[in-house]
Amino acid sequence: MLREVRYGPLAAVTEAARATWEASLLTVRVLWRMVTGDASLKNLSGPINIAQYAGDSVSLGLVPFLQFLAIVSISLGILNLLPIPVLDGGHLLYFVIEGIRGKPLSEAAQVAGQQIGILLLLMLMGLAIYNDLARLFG
């Protein structure tokens with residue numbers, strides 16, 4: 001049974017922060033389960049599947065569509081914080097390493113990290129698109 005709940009401005013901000021935190025934790029848990037093999041990599045979706053879900057959520061109305069957009073945004077934000085050198089999380093990793101060492105990594109090490117990061121992202125995107133095509137044609 002669905003019910004509509006309305007919040008005042010301050011309560012709405014608190015509730016939004018709680019819901020964002022829960023969605024963030026869920027994303028991290030699922031990613032971790034994929035890394036450890038406890039969840040299938042088939043759960044990974046790419047642009048085709050995301051577009052299909054967006055269309056499905058639009059047909060349900062504005063609120064479900066906005067909820068879908070929020071989930072996608074949170075998931076992308078979490079992914080961006082992964083310690084992969086080409087992502088923001090990778091830059092944070094470099095800053096931590098610099099703080100520990102007292103000096104930045106060499107330019108060669110940073111370039112190698114960037115190349116590895118790009119390769120990892122290409123592999124991740126390839127898997128996501130493969131999963132999308134397998135769902136579409138399989």
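This is a predicted model: local features need pLDDT of at least 70, side-chain atom pairs count only at pLDDT 80 or more; totals for chains, interfaces and linings use all residues.
Visitor: What makes the contact between α2 and α5?
Guide: From α2 come Pro47, Ile48, Asn49 and Gln52. They meet Ile129, Asp132, Leu133, Arg135 and Leu136 of α5. Sorted by class, this contact has 5 nonpolar, 2 polar and 2 charged residues.

Visitor: Why does Asn49 count as buried?
Guide: Asn49, which lies in α2, has a relative accessibility of 5%. Leaving aside residues up to four places away in sequence, Asn49 touches Asp132 and Arg135.

Visitor: How do you know that the buried residues of α2 line one face of the helix?
Guide: The buried residues here are Asn49, Ala54 and Ser57. Looking down the axis of α2, you find its buried residues within an arc of 140 degrees, so they line one face. As background, an α-helix has 3.6 residues a turn, so residues three or four places apart point the same way.

Visitor: What covers the buried residues of α2, and which residues are exposed on the other side?
Guide: The cover includes α3 (62–80) and α5. On the other side of α2, Ala51 and Ser59 are exposed.

Visitor: How do you know that the span of α2 agrees with its 14 residues?
Guide: The expected span is 1.5 Å times one less than the number of residues. For the 14 residues of α2 that gives 20 Å, and the end C-alpha atoms are 20 Å apart, so the two values agree.

Visitor: What follows α2?
Guide: Gly61 comes after α2, and its phi is positive, near 130 degrees.

Visitor: Let's turn to another helix. Why does Thr27 count as buried?
Guide: Thr27 has its place in helix α1 (residues 9–36). Its relative accessibility is 14%, and the cut-off for buried is under 20%. Thr27 therefore counts as buried.

Visitor: Which residues does Thr27 touch?
Guide: Not counting residues up to four places away in sequence, Thr27 touches Ser75 and Ile78.

Note on methods: Residues are numbered from 1 along each chain as its sequence is written. Side-chain values use heavy atoms; hydrogens and water are left out. Contact means heavy atoms within 4.5 Å. Helices (H or I, at least four residues) and strands (E, at least two) are DSSP runs, numbered from the N terminus. Ala, Val, Leu, Ile, Met, Phe, Trp, Tyr, Cys and Pro count as nonpolar, Asp, Glu, Lys and Arg as charged, and the others, Gly among them, as polar. Buried means under 20% relative accessible area, exposed over 50%, partly exposed in between (1.4 Å probe, protein chains only). The arc is that of the directions from the helix axis to the C-beta atoms.
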